Amino acid sequence: AFAVTALYIAKKVPSFLFFWLVVIMSSFYFVTDGEVIFGFLRSVIPKEYLPHIKKVIRSFKELTKKYLCASLALCTVTFVITYAGLLIVGCRYSLFLSLFISAVDFLPLLGTGVVLLPWSLFCFFNADTKTALALLVIFAVATVAHQIAEPKILGKHLGLHPLASLASIYIGVSLFG
């Protein structure tokens, strides 16, 4: 089962890296040539649609800012849990590692498991079972807290009811993984 999972992940890495390369490059072009691009679009789009498009762009910018604030709040929850857990375990560089884990948790499609699970496996294979189990507990607590806090925090920042946020998260995960 591990080999199949590793193969699946290895097959997905190039498309994942390509996606982020395209995102970074297109962001660069939007920043450097934004006026040229929007000038072209203004010349092509009928004038009666421009106010509606400007309203959509303003709403998109506002929601993006609110979403980033919500994500930072969730990263703060992750940071507090991982920092406390790593301090209890007696891990050196707890502050740095907690900041790193929180930064990874902030990235789309990644979470605390990307760092904590391989670290736990490493400890387990090096006969440090106590640390391996402690890292799994930290991962479980951080994941559960994140799952509980996410609908509430996203709902608060985006102006949605927590039930609507929870339903959106569930549908998104069910459809897109």
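These legends go with a few close-up views of a predicted model.

**View 1. Helices α2 and α3 pack against each other.** Here you're looking at α2, which covers residues 50-89, next to α3, which covers residues 94-106. Their axes sit 8 Å apart, and the angle between them is about 145°. As for handedness, α2 passes α3 in a right-handed crossing.

**View 2. Who meets whom between α2 and α3.** On the α2 side, the residues in contact include L68, L72, C75, F79, Y83 and L87. Across from them, α3 brings in residues including L95, L99, I101, D105 and F106. Sort the residues of this contact by type and you get 13 nonpolar, 6 polar and 1 charged.

**View 3. F19 and W20, an edge-to-face pair.** The structure holds 4 aromatic pairs, and one of them is made by F19 and W20. Their centres are 5.2 Å apart, with 80° between the planes. F19 has 45% relative accessibility, so it counts as partly exposed. W20, at 26%, counts as partly exposed too.

**View 4. F79 and Y83, a stacked pair.** Back in α2, these two residues lie 4 apart, about one turn of the helix. Y83 counts as partly exposed because its relative accessibility is 28%, which falls between the 20% and 50% limits. Both F79 and Y83 are also among the α2 residues that meet α3.

How values were computed
Residues numbered from 1 in each chain as written. Predicted model: local features only at pLDDT ≥ 70, side-chain atom pairs only at ≥ 80, totals over all residues. Heavy atoms only, no water. Axes fitted to C-alpha atoms, helices over the stretch in contact; angles between N-to-C directions. Left-handed = near helix turned anticlockwise from the far one by under 90°. Contact = heavy atoms within 4.5 Å. Nonpolar A, V, L, I, M, F, W, Y, C, P; charged D, E, K, R; others polar. Phe/Tyr/Trp six-rings, centres within 6.5 Å; stacked < 30°, edge-to-face > 60°. Buried < 20%, exposed > 50% of the residue type's maximum accessible area, 1.4 Å probe, protein only.
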